[in-house]
Amino acid sequence: MDTNYKLITNATDLRIACDELSQQSIVGFDTETTSLDPYSGRVRLVQFAAPGGSVYIIDLDCFSGGNNGGAANNGDGIYHDEALAPLKKLLAAARPVKIAHNAKFDAKWIKRQLDVELGGLFDTLLASQLVSAGNTEDRHSLEVVAARYLEERVDKAEQLSDWNRELSEAQLEYAARDAAVLVPLRERLVERLKAENLIQCATLEFDCVLPVADLELAGFYLDQARWREQIANVEQLRARLAGELQEMLAEGTMQQASLFGETRVDFNIDSHVQLTKALKRLGVPVPDSTRNWKLQPLAEEYPVVKKLLEYRTVQKSLTSYGENILDPKSGYINSHTQRIHANFHQIGAPTGRFACTQPNIQQVPHAIEYRRCFRAPDNRKLIIADYSQVELRILAHITGDQGFIDAFNSGADLHRVTAAQVFGVPLDEVTADQRSFAKRLNFGVVYGIGAQRFSMMTGLSLTESEDILRRYFATYRALDTWLREAARRAVRERTARTLSNRLARFTFDPADKQAASLAQRNGKNMPIQGSSADILKRALRLLHDKLRDSSARIVNIVHDEIVVEADACDAEEIARTVEAAMCAAGEEYVTRVPIKVETEIADEWVK
DNA sequence: AGGGCGAGCCAC
DNA sequence: AAACGTGGCTCGCCCT
């Protein structure tokens, strides 16, 4: 396969190429880098493909700066060469629109090493994910997406080749091809986005790329000394519990041995096979599995079971939130920044929610011992802002239920109002227990809860639970109607949509009752959870624009929460900015009830 | 040995 | 009649 490319190695050619490219309204865009970490590697090539078929490959090795030495290198890893000015201008401009596959990746390098914020983006990865509408079977690598939408193959064999040395013809061909294929690919994806009414949602997603790139570049600071201290404490506790548990399990047989100072043969208490054997020997009626929820009912009668459950909790937190995060082998703490640069997948879930990996800093335990390790560096502050009951507000807006809307508009406590209705008592006589039931009910409804599950959760009998659910839906009639309609749509049309029109498509065998009821629950939940994701993404963009050229950086996002780090002297002002941007984003989608954001300034990630 | 998978548990 | 949604990480077990 021939691609017509021109390799740019000097200032004059670069100027001419950039002039030519700036005439275009769209261009394919890609970079080749010497590693995956913008703090340790460098950008080798920048490629642009014009719709006419000509490709420009710019070899940054021929320009001074970066990590590559040279007169203009200030040692900061940024290219300062004046000759790159036309390139930077082209990158920053809103036109031409740059088509990239996973633009976040390129945006990070361009920001970090050319000190330029990419303007005008079309991301073929995000577009492909939107069109797939939550089908988790579909893969979205450029190779796969190009094969799906074009009748062409893109060979990615050179992707991980060495971009440090003199480049081979094969490498240049690959680099050119990667950029060129994006032009027709975008055309096909635009057709599909239009056909599925997903243009608005795609814009929302594309607008979110730069904020996410910046978030990953910024990283979250972790106080390693505190983390070690925490591990040590938990380790001590684990050792004590493990010892006690071994004693209890060995009861009767090994007692003698340990009395005489012999080494006790320990069980592997993390193995449910060995555990079952040991527990049975002690006369514990072990259920068909040693899953925690199965063992829970035995805890009161059998102290050994209680001890085991206690041990498991501690053991779990130690393996999941232990040494690994600090281990250089994990690479989670960047050696250049000493911060955690987690990977945020912009469309991580079919609902549109983010997913976070390596490490997942969206699942740090809420306990203060853990959260206090994530703190602001000296002279900095954290601004922690989260949407208050945003999913329930979205539910109120989408269903138009007057009871819900009134509760939010009056500023009343929704759970208390719900409790009063469901239990038939005056508002001021609602007990703490009743409010707690109502709260679990309100949240459960978002997930499509049933009476069975509710009775399990609350300890109420099945009939009591059925009765409460009946009264709940009798109270909130419009909510009931909407949920039924959402379930029906999930089965008949097999779709659901959020407030940004994000689409989820359900595929299941109609004969499979379980799959069908899962689709129904998804049909109810996706618009709610997904609209919350829409709002967060809109907030990220608004906030990103407001924070540009300030001391503030977004350092974490957790579904309905944004954590910003800023100079201590700016914290008050930034906090107001964050709250305003989040409210504005919410109000773009939710108009029937107020949007509330709770904001705090803190030294640690603790509210 | 190493991948796949389920169990378990963390977040929202 | 009805098994409450979305993720990630780590472990042990099982299989190749």
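Mentor: Six strands make an open sheet with mixed pairing, ordered S1-S4-S3-S2-S5-S6. Strands here are DSSP runs of E with at least two residues, helices are H or I runs of at least four, and both are numbered from the N terminus. Two strands pair if DSSP finds at least two bridges between them. This is a predicted model, where local features need pLDDT of at least 70, side-chain atom pairs count only at pLDDT 80 or more, and totals for chains, interfaces and linings use all residues. Residues are numbered from 1 along each chain as its sequence is written, while chains are lettered from A and ligands numbered from 1 in the order in which they are written.

Trainee: Which strands stand at the edges?

Mentor: S1 (5–8) and S6 (121–123) do; each has a single partner strand, so one side of each lacks a neighbour in the sheet. From one strand to the next, the twist averages 25°.

Trainee: How many bridges join S1 to S4?

Mentor: Four, and the two strands run parallel. Tyr5, for instance, has Val55 in S4 as its bridge partner.

Trainee: And what about S5 and S6, in what sense do they pair?

Mentor: Parallel, over three bridges; Ile99 partners Phe122 in S6. With helix H3 (residues 103–114), these strands make a right-handed β-α-β unit (right-handed: with the strands pointing away from the viewer, the path from the first strand over the helix to the second runs clockwise).

Trainee: What's in the loop between H3 and S6?

Mentor: Asp115, another non-glycine residue with positive phi, about 60°.

Trainee: New topic: where are the cis peptide bonds?

Mentor: One joins Arg95 and Pro96, with omega about 0°. Another runs from Gln358 to Pro359, omega near -5°.

Trainee: Last one: at what angle do H18 and H19 cross?

Mentor: Roughly 145°, with the axes coming within 11 Å (axes are lines fitted to C-alpha atoms, for helices over the stretch in contact, and angles run from 0 to 180 degrees between N-to-C directions). Phe437 and Leu441 are among the H18 residues that meet H19 (contact means C-beta atoms, placed from the backbone, within 7 Å).

Key. Contact = placed C-beta atoms within 7 Å.
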